[in-house]
Structures are given as structure tokens and as C-alpha cells.
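Here is a short briefing to read alongside the model. Keep the viewer open as you go through the points.

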Amino acid sequence: MRQRIKRVFSGAATVLRPDKQALLAAGFGAMAVFAFAPFSLAPLALLALAGLFGLWLKTETPGQAARLGFWFGLGLHGVGSSWLYSSLYVYGETPLWLSVISVTLWVMYLSLLPALAGWVARFFFSPRFPVLSLLLLFPAAWVLSEYLKQHLFGGFPFLQMGTSHVLTWLDGYAPVFGVLGVSWALALSAAALVWLVRNGAWMGAAFIYAVVWLGGGLLQGVQWTQPVGKPVDVALLQGNIPQDKKWQPEQFMPTLKRYIKMTRENLGADVIVWPETAVPAFFDLVEQGALKTFIRDAQLLQKDILVGSIWRDADTHRYYNALIDVGSTPYQIYRKYHLVLIGEYYPFSDWLEPLFDLWHIPFDQFSPGPFPPEPMKLGMHHVGMAICFETLFGHELAAQLPKATYFITVSNDAWFDHTLEPAQALQEVQMRAVELGRSFARATNTGFTAVIDHHGQVIKQLPPHTQGALRATVQPRTGMTPFARWKELPILFLLTLVFGMVLADRYLRAKPRPVR
């Protein structure tokens, strides 16, 4: 037993040893972060993947390739996803030591998935068909890792490579295959670049680039969905309440007065949207108190005003992160269904709560709402809803189609102020708009409040860290993209096809040949 533990620690030390190849892989990962918002230097994602694939080709064992994939992940998520520190330590009152440990473990977990991709790419690599392995197996291994990142433990699909290429020719694949299809096209392009550099395969690489990139460009011209009805006038409120003040008792009434004032100034809009948990209290308390008159007036005017708050179920004693249409009778209520692991709910919560009390860590958790959710009826249209984290999962938002003609999403990215996360979150919404062929209206507390059309273009946006109301029109649309209809099935089919071929080749190589 002691020998086994010793081997485990020895192996971990080997993986974490920062030699030249590992640091180069980490550098490629860190470089990829600049392909995403707010930098949006999209070609860097292609170069980063090409660098990683080139390093994998130089390895001799699956373990070596996995190690380089792990270091690539450390660079990618250590630079691009370490904003978790802000929500834990700066605003979440988590002790410094525990915040550092939590962020380190978070980054290391996310790094395990590129490590898995490297292991798969090297383990199934065929010496008989090295070019095919590079062009087929390496992209498939990468997409498999992103698929798992999207689903394991509820999913943490941050920094999916395809997202970096929204608004490029490659996003033409998003309405057909989703973001994973864009990632596959990008990874294939990276593999072709490696083939070009290593083998001088100018004609072959040029052919791949022509097919992949021109194919994406041509798909952008396909109108998968069609406009229906008149544009909707929306008012998206951005209160700009600092997270460290939001839940303070003395800030409660000033916060409500600020949102009520902005609402009254924009009563001409068809739909008015407050951001996630704009009301820092249980809704059942404010509806009979501070917001009683406001709600009565909204219902008299029959004005659709969506308010972010915490919905408390008196019968079940459960809490929901909710969006409530206070202008409808009875209320229309959207309850967030895809909760953030650790952030909004805890597995084994009965065991964890005493430990949190011991370490003086605040402990609360939400319950998930029903899935699939029912779109709200706002005016003449059914409208899809999403709260914050849910916008990372296009295959789940598709469950509200074809009924939903556009989407409203709310968020409170003040948890991550002055980090990369708010800009990355807006870019995720842009990708969802392309995948689903629907416009999105996004209201946030501190930024980035915006309206995005069905092509993923930001039509109008408020400056971050400012108070204001964004008035814009949203065009409802009907119809379904292939991705909205089939979700991830085409990607799973392609993965099955590639790995079926790989397994067949491995079986034939292992099968003993008859002696003549």
C-alpha cells in the first residue's frame, strides 16, 4: 500500500515538473486565452492548438502527451478561468487559503480534460496512417474533451475553442453542429497547419482550408430561421450596484428606488427587464412591502416587467434563482434549472454544512427549477428565458424552441468585476444566438448589458460599470436551426465514426497475421 501511494505521488510530481516542453504547452494554452473576448484575437486559438498538436506528435507515450495536454490546460484556464477567485475571496467571504486551494483545484480539474485529449490522441495514434491520425484523430480527441467538459459534474464549458471564432467564417457551422462543430473545424485547421509545417503539404493543407473555411462562409448565408411579427421594444436595466454593497441592509431601499425610477422612465417599452437578483431579498417579502405599490401599478398597466429575485416556496421551503413577470396576473415565474455546482448547490450538503459552520463560511443553496422550462408569454410572443450560467448550454436552451421566438437572459457578473469573465459571458451569448437562430436581450447588473441578433452581432450595448437603461428592438424569429433540432447528435455520430475507424485500425494491427 505504501509503495502504491509512493508511486502516485511520484507520478504527480512528474506531471507537475515544469520542463521546457511543459512550459511551452502552458504558453500555448495561455496564448489561446487572447483569442476570446475581450481581446478577440481569434487566430491565436488556431495557433495554440497547432502548437499543442505539434507537441503531441513529438511524444512517444500516451502519458507524455497527457502531461503536455495538462500543462496546456493549466495555461488556458490558469489565465482564462481563474476569475473564480473574485467570487470566492473578494465577494464570497471565503478565507484566502481556501480560495487559493479552490481555484487551484478548479484549474487542475479543467486541465485534466486536455490531458485526456492528449492521452487519447497518442494512445490511438496509428504509425501506418500518421497523417490521417493527425487530421482525424487529434481534432476528434480535442472535441471529445470539450464534450466531456460540457457534461461532467453538470458541465463547466468555459473557453470552448469554438466560441473564440464567433463572427468568423467558422461560425457558419454553429447552427448545424453547435459550438463543438466550430471547435472541430478549428482543430482540423490547426492539424492541417501542423501537416503543412512538418511535411510541406501545401496542396493538401490548402484544400482542407478551402473546404473548411469556405464551407463555413457558405453556411453563414443560409437563413435557417425567419422573422415573425414586429420588432419588440425592450428596456434592459443596468443598476450598477457594487457586489460588496448589494446585500447590505442600508443599500436595500436605494437599490429598489434606482430600479423603480429607471422602470418609470422606460414605460414606453414593450418589455422591461431587471437583472439577476436585482431585488436582494426574498420576493414574497417585497411584494407585500417595498414593491407592493409598484407591482399593483404594473398589473394595472398590464406591463411586462421582469424582475430578478429569490423566489421562496412556502410549502416546500425551497429557494429559487428566479425571474418574475410582476405585470402579469398571476405571475409568470422562470426558475433557474441549471445551477452552478458549489456556487449555487452542494452535493452531500447535509455533510458539508457542519464543516462550513466550523470554518465560518456562509452556506446557502438554491433548488433547480423544472426542465424543460416553459417560455413566458410576453405581449404577442413566447420568449425563452435563461439566467447567467445557463447561457453556456445551447443544447439545453434549444428545449424552449420552436415556441420561443427570442430569448431574454439576465446575469449578475458583479461577482467577477474587473476580470475576464463578463466579456467571456457576453461572447457565450453571441454563440448561443448563432446556434439557435434567435436574438438575445441580456440585462446585467454591472455589464455587459446588450442586444444580440441571430447572427451573433451585438446590435447595441451599454458601457460596463455605468448605470443606465438600454433601449433597443429585438426581432422575433420562427423556425429551427439543425442544431436546435438535433442538438449534439451529429457531433456524437462523428465522434463514433472516427473512433470506430480508430478502433478498427487498432484491432487489425493487433490481430496476428497467418504464417504462410
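Predicted model: local features only at pLDDT ≥ 70, side-chain atom pairs only at ≥ 80, totals over all residues.

## A strand and its neighbours

- Strand S10 covers residues 440-444 and is mostly covered, with five of its five residues buried.
- Phe440, Arg442 and Thr444 point one way from S10, while Ala441 and Ala443 point the other way, and all are buried.
- Strand S11 (residues 450-452) pairs with S10 in the antiparallel sense, and three bridges hold the pairing.
- Together S10 and S11 form a hairpin with five residues between them.
- In the turn of that hairpin, Gly447 has a positive phi of about 130 degrees.

**On the other side of the pairing list: S9**

- Strand S9 (residues 406-411) runs parallel to S10, and five bridges join the two.
- Phe407 is the residue that stands opposite Phe440 in S10.
- Helix H17 (residues 421-436) belongs with these two strands: S9, H17 and S10 make a right-handed β-α-β unit.
- S9 is also joined to strand S8 (residues 381-387) by five bridges, and these two strands run parallel.
- Val383 has Tyr406 as its bridge partner in S9.

**The whole sheet**

- What is the order of the strands in the open sheet? The six strands follow the order S7-S8-S9-S10-S11-S12, and the pairing is mixed.
- Strand S7 (376-378) and strand S12 (458-461) stand at the edges; each has a single partner strand, so one side of each is left without a neighbour in the sheet.
- On average, neighbouring strands of this sheet are turned by 25 degrees against each other, with direction ignored.

**The largest cavity**

- Rolling a probe the size of a water molecule over the atoms shows where empty space is left.
- The structure holds two cavities of 30 Å³ or more.
- About 60 Å³ of space lies in the largest cavity.
- Its lining includes Gln150, Phe177, Gly178, Val179, Leu180 and Leu392.
- Also among the lining residues of the largest cavity are Gly394, His395, Arg432, Glu435, Phe483 and Glu488.
- By residue type, the lining of the largest cavity divides into five nonpolar, four polar and three charged residues.

**The second largest cavity**

- The second largest cavity has about 40 Å³ of space.
- Leu76, His77, Leu113, Pro114, Trp142, Ser145, Glu146 and Lys149 line the second largest cavity.
- Helix H4 (62-80), helix H6 (96-123) and helix H7 (130-151) each supply at least two residues of the lining of the second largest cavity.
- Which helix gives the largest share of the lining of the second largest cavity? The largest share comes from H7, with four residues.
- The lining of the second largest cavity divides into four nonpolar, two polar and two charged residues.

**Cis peptide bonds**

- The peptide bond from Phe371 to Pro372 is cis, and its omega is near 0 degrees.
- Pro372 has its place in the loop between helix H15 (349-358) and S7.
- A cis peptide bond also leads from Leu401 to Pro402, with omega near 5 degrees.
- Pro402 has its place in the loop between H16 and S9.

- Leu159 is not a glycine, yet its phi is positive at about 55 degrees.
- You will find Leu159 in the loop between H7 and helix H8 (174-177).
- Is Leu159 buried or exposed? Leu159 is buried, with a relative accessible area of 3%.
- Thr277 is a residue other than glycine with a positive phi, near 45 degrees.
- The loop between strand S3 (271-273) and helix H13 (283-286) is where Thr277 is found.
- Thr277 is buried as well, with a relative accessible area of 8%.

Key
Residues numbered from 1 in each chain as written. Heavy atoms only, no water. Buried < 20%, exposed > 50% of the residue type's maximum accessible area, 1.4 Å probe, protein only. Pairing = 2+ DSSP bridges. Right-handed = clockwise from strand over helix to strand, strands pointing away. 1 Å grid on protein atoms, 1.4 Å probe; cavity = no way out; pocket = protein on both sides within 12 Å on 5 of 7 lines; lining within 4 Å. Points joined across faces, edges and corners; volume = space filled by probe spheres on them. Nonpolar A, V, L, I, M, F, W, Y, C, P; charged D, E, K, R; others polar. Axes fitted to C-alpha atoms, helices over the stretch in contact; angles between N-to-C directions.
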